[in-house]
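Here is a guided walk through one protein model. Keep the sequence and the 3D view side by side as you read.

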Amino acid sequence: MAIEKCINEFDVDDVIFEEGSTGRELFVVLDGKIDIVKISGATKTVIVTLGKGEFFGEMAVIDGSSRSATAIAAAPNTRVMRINHARFVYLVSQQPAFALMIMDALSKRLRASNAVTFKAANP
């Protein structure tokens, strides 16, 4: 597949994917910014804002479960590259540094989530 077919461009407030949806691909931010948000009724809480070189959607590509949050473009002309499950498995098997990068990011994100959960449980 040509790399151009894997690149999508979004404008501000365009939804890349919604919490609860299925998806077997992750995304790498090429340009712009992405807000990862949780939406409850009319309340939208930004969990993290990601920029160039960062990735999102990795949990669904790894375990096949539904999306745990919503991804929304937060800057004009935001471009992302989609990496489907087959390409992801290939990269992990052929590029140990890629696999380590994913594991490092997951570990940091889990630690940050644990810290927030602990702080909320122990005011």
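Start with one pair of residues. Val37 stands opposite Val46 in strand 5. Bear in mind throughout that this model is predicted. Now widen the view to the strands themselves. Strand 4 covers residues 34–40, and strand 5 covers 43–50. The two pair in the antiparallel sense, over seven bridges. Another pair that faces across them is Ile34 and Leu50, the latter in strand 5. Strand 4 and strand 5 form a hairpin with two residues between the strands. Look at Gly41 there: its phi is positive, near 65°.

Next, go to strand 7, residues 70–73. Strand 7 and strand 4 are antiparallel too, and four bridges pair them. These strands belong to an open sheet of four strands, in the order 2-7-4-5, with antiparallel pairing. Which strands stand at the edges of this sheet? They are strand 2 (15–17) and strand 5. Each has a single partner strand, so one side of each has no neighbour in the sheet.

Strand 1 (residues 7–10) pairs with strand 8 over four bridges, in the antiparallel sense. Here Phe10 stands opposite Thr78 of strand 8. Strand 3, residues 25–31, runs antiparallel to strand 8, and six bridges join them. One example is Leu26, whose bridge partner in strand 8 is Ile83.

A loop leads from strand 7 to strand 8, and Asn77 lies in it. What is Asn77 in contact with, leaving aside its neighbours within four places in sequence? The answer is Glu9, Phe10, Asp11 and Asp31. Lys119 gives another reference point for Asn77. Asn77 and Lys119 are 42 residues apart in sequence, and their C-alpha atoms are 36 Å apart in space.

Turn to the helices. Two packed helices are described by the angle between their axes and the distance between the axes. Take helix 2 (residues 85–94) and helix 3 (residues 96–121): their axes come within 5 Å and cross at roughly 110°. That makes helix 2 roughly perpendicular to helix 3. Helix 2 brings Phe88, Leu91, Val92 and Gln94 to the contact, and helix 3 brings Pro96, Phe98, Ala99 and Ile102. What kinds of residues are these? Seven are nonpolar, one is polar and none is charged.

Last comes empty space. Rolling a probe the size of a water molecule over the atoms shows where such space is left. The largest pocket has a volume of about 810 Å³. It is lined by 26 residues, and the closest to its centre are Ile36, Ile47, Glu58, Met59 and Arg109. Which helix gives the most to this lining? Helix 3 does, with eight residues. Strand 4, strand 5, strand 6 (55–56), helix 1 (58–63) and helix 3 each supply at least two residues of the lining. By kind, the lining of the largest pocket divides into 16 nonpolar, five polar and five charged residues.

Terms used: Residues are numbered from 1 along each chain as its sequence is written. This is a predicted model: local features need pLDDT of at least 70, side-chain atom pairs count only at pLDDT 80 or more; totals for chains, interfaces and linings use all residues. Side-chain values use heavy atoms; hydrogens and water are left out. Axes are lines fitted to C-alpha atoms, for helices over the stretch in contact, and angles run from 0 to 180 degrees between N-to-C directions. Angles under 35 degrees count as roughly parallel, over 145 as roughly antiparallel, 65 to 115 as roughly perpendicular and the rest as oblique. Contact means heavy atoms within 4.5 Å. Ala, Val, Leu, Ile, Met, Phe, Trp, Tyr, Cys and Pro count as nonpolar, Asp, Glu, Lys and Arg as charged, and the others, Gly among them, as polar. On a 1 Å grid over the protein atoms alone, a cavity is a set of points where a 1.4 Å probe fits but cannot get out, and a pocket is an open set with protein on both sides within 12 Å along at least five of seven lines; lining residues have an atom within 4 Å of a point. Grid points are joined across faces, edges and corners, and a volume is the space filled by probe spheres set on the points. Two strands pair if DSSP finds at least two bridges between them.
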